[in-house]
Amino acid sequence: MTATAAPKQFWVPTPPGWVEIAAFDTDARAEAHWRDMIEPAREHLGDGPTDHLYLGLREARAAVARSGVTSAGVVVTEVDDKPAVWTFSTAIEKVASGEVNPVALVERAVGTAGTVERVEDITLVDGRTAVQAFLTLTPETRLGRAHGSTAAPAATPAKPPVERLGSCVVAVALPGRPHDLVLVTGSSPDPEHRPLLAHVVSAIAAGVHVGTEPPEGVAKASGVLPVNGPEGA
């Protein structure tokens with residue numbers, strides 16, 4: 001009897017406290033995960049902000065449906081002793097054979113309602129060269145709606161309009177798959193958070209992996225979440 005080979009999966013590293021949005025096959029499973037992650041923080045956040053966070057998660061899940069986003073998440077953290085909500089998403093873009101232009105890919109993903117302010121090459125922990133872009137997203141794009149839905153400050157009971165999101169995008173080819181590009185986006189309602197976001201976004205991008213086992217290194221240290229991978233994975 002021949003043993004069946006373990007199927008390959010698409011792995012996305014997740015920082016501590018990550019509340020996943022997209023990588024569930026049913027809304028019921030998503031809701032159960034949110035309760036497990038959020039209810040322990042209700043005493044710290046308060047009833048109003050906690051209930052608003054659930055609403056934002058539902059809106060964000062609806063916004064990323066059928067968008068190509070494979071994983072999206074929220075991290076409730078503190079910056080300078082103030083609560084902050086950071087949103088993240090990971091998408092795979094297939095590019096045709098030939099020269100790959102990650103900068104054009106970032107601009108295409110952002111769309112006309114986003115503004116790319118700075119683009120630079122960076123080196124990930126495994127030596128791969130990636131493109132990092134600092135940009136501003138607006139709610140007019142699907143990506144902006146998904147990130148903005150959950151980005152209201154955690155200490156604010158009523159949801160204020162999020163007109164601008166300070167965002168960082170890192171684009172890099174999957175290891176051994178030069179025409180499957182990973183785009184990881186991190187956003188905050190406070191543009192001053194972008195340098196901090198950049199560290200998290202680049203760590204996520206470095207750990208994205210297709211294989212039968214969780215990746216080593218950065219992703220293993222922070223935890224990994226298997227999600228549905230690109231076609232042919």
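This tour moves through the structure stop by stop, from the sheet to the cores, the salt bridges and a loop.

This is a predicted model, so local features need pLDDT of at least 70 and side-chain atom pairs count only at pLDDT 80 or more, while totals for chains, interfaces and linings use all residues. Residues are numbered from 1 along each chain as its sequence is written, and side-chain values use heavy atoms, with hydrogens and water left out.

**Stop 1: the sheet**

Switch to cartoon view. Helices (H or I, at least four residues) and strands (E, at least two) are DSSP runs, numbered from the N terminus. Two strands pair if DSSP finds at least two bridges between them. Seven strands form an open sheet, in the order 2-3-4-8-7-6-5, with antiparallel pairing. The edge strands are strand 2 (19-20) and strand 5, each pairing on one side only.

Select strand 2 and strand 3. Two bridges join them, in the antiparallel sense. Pick V19: the bridge partner in strand 3 is V74.

Select strand 5 (residues 115-123) and strand 6. They pair in the antiparallel sense over eight bridges. T115 stands opposite T136 in strand 6. Strand 5 and strand 6 make a hairpin with five residues between the strands. Click on G127 in this hairpin: the phi is positive, near 95°.

**Stop 2**

Select strand 7. Is this strand largely enclosed or left open by the rest of the structure? Nine of its ten residues are buried, so strand 7 is largely enclosed by the rest of the structure. Buried means under 20% relative accessible area, exposed means over 50%, and partly exposed is in between (1.4 Å probe, protein chains only).

Strand 6 and strand 7 pair in the antiparallel sense over seven bridges. Show A133, then V169, the bridge partner of A133 in strand 7. Strand 8 is joined to strand 7 by nine bridges, and the two run antiparallel. Here V170 stands opposite V184 in strand 8. Strand 7 and strand 8 form a hairpin with two residues between them. In the turn, G176 has a positive phi of about 75°.

**Stop 3: the nonpolar cores**

A nonpolar core is a set of buried Ala, Val, Leu, Ile, Met, Phe, Trp, Tyr and Cys residues joined through side-chain atoms within 4.5 Å. In soluble globular proteins, nonpolar side chains tend to be buried together.

Select F10, F88, L174, V182 and I204 and show side chains. Of the 28 residues in the largest nonpolar core, these touch the most other members. Elements that give two or more residues to this core include strand 1 (9-13), strand 4 (82-94), strand 8 (177-188) and helix 6 (194-207). Which element gives the largest share of this core? Helix 6 does, with six residues.

Next, select W34, L53, Y54 and V85. These are among the members of a second, separate core of 15 residues.

**Stop 4: the salt bridges**

A salt bridge is a side-chain nitrogen of Lys or Arg within 4 Å of a carboxyl oxygen of Asp or Glu. By this rule the count comes to ten salt bridges.

Select R58 and E31. Their side chains meet in a salt bridge (2.6 Å, N to O). R58 lies in helix 3 (residues 47-64) and E31 in helix 1 (residues 27-38), so the pair ties together parts that are 27 residues apart in sequence. R58 is partly exposed, at 40% relative accessibility. E31 counts as buried, at 19%.

Move to R42, in helix 2 (residues 42-45). R42 forms a salt bridge with E39, the closest N and O atoms being 2.9 Å apart. The side chain of R42 also meets that of D51 in a salt bridge (3.1 Å, N to O). E39 is partly exposed, at 32% relative accessibility. D51 is partly exposed too, at 40%.

**Stop 5**

Most residues other than glycine have a negative phi. Select D80, in the loop between strand 3 and strand 4. Phi of D80 is positive, near 55°. D81 is in the loop between strand 3 and strand 4. D81 has a positive phi of about 65° although it is not a glycine. Are these residues buried or exposed? D80 counts as exposed, at 69% relative accessibility, and D81 counts as exposed at 72%.
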